[in-house]
Amino acid sequence: MKFQQKKMFYSIKEVATMLNVEVSLLRYWETQFPSLKPVRTSTKIRQYQEDDLQEIRVIYGLVKEQGLTLAAAKRKLARHHDKMNAGVECNSLKLRHIRSELSALITELDEIILD
């Protein structure tokens, strides 16, 4: 499961080739895993981005390498996404706190400079 070059977008055929799976399997996984949503062009052509490739790698690992059923893989992915979302929320709170501290520092510096 090696990805050779970094591109912005990959076609479904390129992704299928990278994983040595059929294109139809990727289409099926899109119906089974709501988090897997490649960008589509105006002509409905799928364009997979790096985030999509990461998601597909995880699904592939769970289903093809670990032998999980789709239902078990969905549950595991859902827990994984919940943990990721919790981490994002925590980071967001930290960033807001840092922003407020920086604003306070800027205000103090402005007062010092203007005095």
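Colleague: Why is Glu 14 called partly exposed?

Modeller: Glu 14 has a relative accessible area of 30%. Buried means under 20% relative accessible area and exposed over 50%, with partly exposed in between (1.4 Å probe, protein chains only), so Glu 14 counts as partly exposed. Lys 7, also at 30%, is partly exposed. This is a predicted model, in which local features need pLDDT of at least 70 and side-chain atom pairs count only at pLDDT 80 or more, while totals for chains, interfaces and linings use all residues. Residues are numbered from 1 along each chain as its sequence is written, and side-chain values use heavy atoms, with hydrogens and water left out.

Colleague: What makes the pair Glu 14 and Lys 7 a salt bridge?

Modeller: A salt bridge is a side-chain nitrogen of Lys or Arg within 4 Å of a carboxyl oxygen of Asp or Glu. For Glu 14 and Lys 7 the N to O distance is 2.5 Å, so the pair qualifies. The search of the whole structure finds four salt bridges.

Colleague: Which salt bridges involve Glu 30, and what are the distances?

Modeller: Arg 40 meets Glu 30 at 3.5 Å, N to O. That pair links distant parts of the chain, with Arg 40 in strand β1 (residues 39–40) and Glu 30 in helix α2 (residues 23–32), ten residues apart. Helices (H or I, at least four residues) and strands (E, at least two) are DSSP runs, numbered from the N terminus. Arg 46 also forms a salt bridge with Glu 30, the closest N and O atoms being 2.8 Å apart. Because Arg 46 lies in strand β2 (residues 46–47) and Glu 30 in helix α2, this pair ties together parts that are 16 residues apart in sequence. The salt bridges share partners and join Glu 30, Arg 40 and Arg 46 into one network.

Colleague: Which of these three residues are buried and which partly exposed?

Modeller: Glu 30, at 12%, is buried. Arg 46, at 16%, is buried too. Arg 40 has 39% relative accessibility and counts as partly exposed.

Colleague: Why is α1 called roughly perpendicular to α2?

Modeller: The axes of helix α1 (residues 12–19) and α2 come within 8 Å and cross at roughly 105°. Angles under 35 degrees count as roughly parallel, over 145 as roughly antiparallel, 65 to 115 as roughly perpendicular and the rest as oblique, so α1 is roughly perpendicular to α2. The axes are lines fitted to C-alpha atoms, for helices over the stretch in contact, and angles run from 0 to 180 degrees between N-to-C directions.

Colleague: Which residues of α1 and α2 meet?

Modeller: Ile 12, Lys 13, Val 15, Ala 16 and Leu 19 of α1 meet Val 23, Leu 26, Arg 27 and Glu 30 of α2; contact means heavy atoms within 4.5 Å. By class there are six nonpolar, no polar and three charged residues. Ala, Val, Leu, Ile, Met, Phe, Trp, Tyr, Cys and Pro count as nonpolar, Asp, Glu, Lys and Arg as charged, and the others, Gly among them, as polar.

Colleague: What makes α2 roughly perpendicular to α3?

Modeller: The axes of α2 and helix α3 (residues 50–65) come within 12 Å and cross at roughly 100°, so α2 counts as roughly perpendicular to α3. Leu 25, Leu 26 and Trp 29 of α2 make this contact with Ile 56, Ile 59, Tyr 60, Val 63 and Lys 64 of α3. Seven of the residues are nonpolar, none polar and one charged.
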